[in-house]
Amino acid sequence: MRPFPFTAVVGMADLRLALVLSAVSPAIGGVLVRGEKGTAKSTMVRALAGLLPELDVVTGCRFSCDPAEVDPECPDGPHQQGGEHHRRPARLVELPVGAAEDRVVGSLNLERALGEGVTDYQPGLLAAAHRGLLYVDEVNLLHDHLVDALLDAAAMGRATVEREGVSVSHAARFVLIGTMNPEEGELRPQLLDRFGLTVEVATSRDPQERVEVVRRRMAYENDPDDFADSYADDEAELAKKIDAAQQLLPSVRITDDALVRIAEVCASFEVDGMRADIVMARTAAAHAAWSGCEEVTTEDIRVAARLALPHRRRRNPFDAPGIDEQELEQALSEASSGTESGEGTGSEQSDPDGPDDDPPPGGPGGPGSGAPDPGEQEPPHQGVGSPPRGGQAGEQGAGSEQGQQHTVESGNPYRARLFSVAGSGTGEQGKRSRAITETGRTIGVQPVGGRDAGRSRTPHLVGTLYAAAPHQRARRGTGTGPVITPRDVRYALREGKESNLVLFCVDASGSMGARERIREVKSAVLSLLMDAYQRRDKVGMVAFRGSEADLVLPPTSSVEAAAVRLEGLPTGGRTPLAEGLVKVSEALRIESIRDPRRRPLVVVVTDGRATSGEEPVARAHRAAEKLASNGVASVVMDCETGRMRLGLARELAARLGAEHVPLGAVAADTLAGEIKARTARGNDVRRAA
């Protein structure tokens, strides 16, 4: 079935422009498309391949070598310059999120390498994408080992496979295009910076535009060929314009004044590194060529900044990417003062199809800003995770747990100490707990079909030779090397780090409602969330107050969503600690079915009080002991403050078999200082003795 035509996609002018500019100048570094589900991100990307010019390829070369500039290290070489070749369309290669590393970078046949001395290399997806497009849908869910392979290829322009002393390298220059839904988690900073341009797409709110989208989609599904034919002239015209821009690009001039403006804009937005300057220069040149000009203008720089800077402005994992148009105009105005006028009008600045850079709802004055309305009463049906409405708690009680519900913003996060799960797991690669993984230090060997054989794709040379050695006399090989069979192959057993499910169980009752106390609690949880982001964990959140507990955030890879829920979490009412622990058990049971290899780490944030329902303390202890009996690793963050402390959180930790951590000891610096102080005291005692 023919793909949906590129020119038939309704709206999304910025995405259309970014993809075209990347096709004009692949050196830009590709495009990252961010947006909610159902916005035709993948449809437009797949349609781009049909617009690219055809390529001259060396006949018989599996690595798409250019006959005018052959790769001297090509595994299928050596090729003769200008030798036999043919033309073929540019490829769009899709990299599945769950692909194995060998499928991506290629594989070597160890049996033939050892027995026959032959380098039998099977190329992977990176070789197929050379001189074309490499598309990763849901790129934010890509496994770390695949991310590393992509980073290496994108940085060096080559892919290298090394297996126990046997090495193969080939050219791998491609335009990297990724799509993602930010609700499912953000990208690693290293990969995010590799994308030259980024575009935010959102569903249109214009009814007429939505109707046109549905009309075109239904027409395409009824007769794909006829629908594609109706846009054939538009597609051919656009492909011709892209080819013309590619031919003009080498002639485009970037004056020193233009480079100074680019540098001043990047400096004014405080972006990290120099990649932003380089990408902006390449994008401005590509836009000039696309516009049919031979010199970069202010308008070209404006467009380049809008596409190249938003994702490079993030200062921490919870910052939303974006660029303020007024700031951009001010930076351009300051950079352009004293230069020639009449270059750009800024007509594209108000493009209605551009990215939505409005402040997020949690900003000043938004629904998550934490400003309570004392005039409203809380509705009786309001859940634990509902946005705060202020007023009195909807539960009868006495003391501090009957006070007003309110929301307090967190303080500044800090570097949190590491909490991990004991033992060794087999989960996805991360940076938290010990596990058998595909990378890491080698701790042994295992045969094909071993318990953890599927976790390692790296053959173990010495182990394979040891396994084959006793059978050589019986096999009577005719060659000079040993006879290796598939049953002899041994794989490296590696130990590295895994990611975990960090499930927060947060006490949101009235006893936590003191303004400075809840601010400190939220700062600590936010710091742990940032730590979870850096260690590639999944996170979830249970909150309990009043008479019930809610799963306010099901387990997800989006740490940003957890941060938003935390900021908007209201406090008030009694303390149903038992209900919170029961809800944790239920959430873990469901998640173990969905993701059985990922081990959980429960972080209970409480002062240990239990005041809701009949026998609240006894029920809380029983729920804690049940969690402990299931082998769930946990940490109790003790939020009790003041001189007179009841020690209830410490007792809860004992019931859970958990590590007890005072709120003030969550910071990594606090732990280091405590260890240093204890060491100093021990030295004093020894000197005194």
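**View 1. Lining of the second largest pocket in the predicted model, by residue class.** The lining has 20 nonpolar, eight polar and 11 charged residues. Ala, Val, Leu, Ile, Met, Phe, Trp, Tyr, Cys and Pro count as nonpolar; Asp, Glu, Lys and Arg count as charged; the others, Gly among them, are polar. The pocket holds about 1,000 Å³ of space. Pro26, Ala27, Arg173, Phe174 and Val175 are the closest to its centre among the 39 lining residues. H12 gives the largest share, four residues. A pocket is an open set of points on a 1 Å grid over the protein atoms alone, where a 1.4 Å probe fits, with protein on both sides within 12 Å along at least five of seven lines; lining residues have an atom within 4 Å of a point. Volume is the space filled by probe spheres set on the points, which are joined across faces, edges and corners.

**View 2. The open sheet of five strands.** Pairing is parallel, in the order S4-S7-S10-S1-S11. Strands S4 (92-94) and S11 (197-201) form the edges. S7 (residues 133-137) pairs with S10 over five bridges. Leu133 has Val175 of S10 as its bridge partner. Paired strands share at least two DSSP bridges. Strands (E, at least two residues) and helices (H or I, at least four) are DSSP runs, numbered from the N terminus.

**View 3. The N-terminal cap of H8.** A side-chain oxygen of Asp206 lies 3.2 Å from the backbone nitrogen of Gln208.

**Notes.** Residues are numbered from 1 along each chain as its sequence is written. In this predicted model, local features need pLDDT of at least 70, side-chain atom pairs count only at pLDDT 80 or more, and totals for chains, interfaces and linings use all residues; side-chain values use heavy atoms, leaving out hydrogens and water.

Key. Polar contact = N/O pair within 3.5 Å; in protein donor to acceptor, adjacent residues only side chain to side chain.
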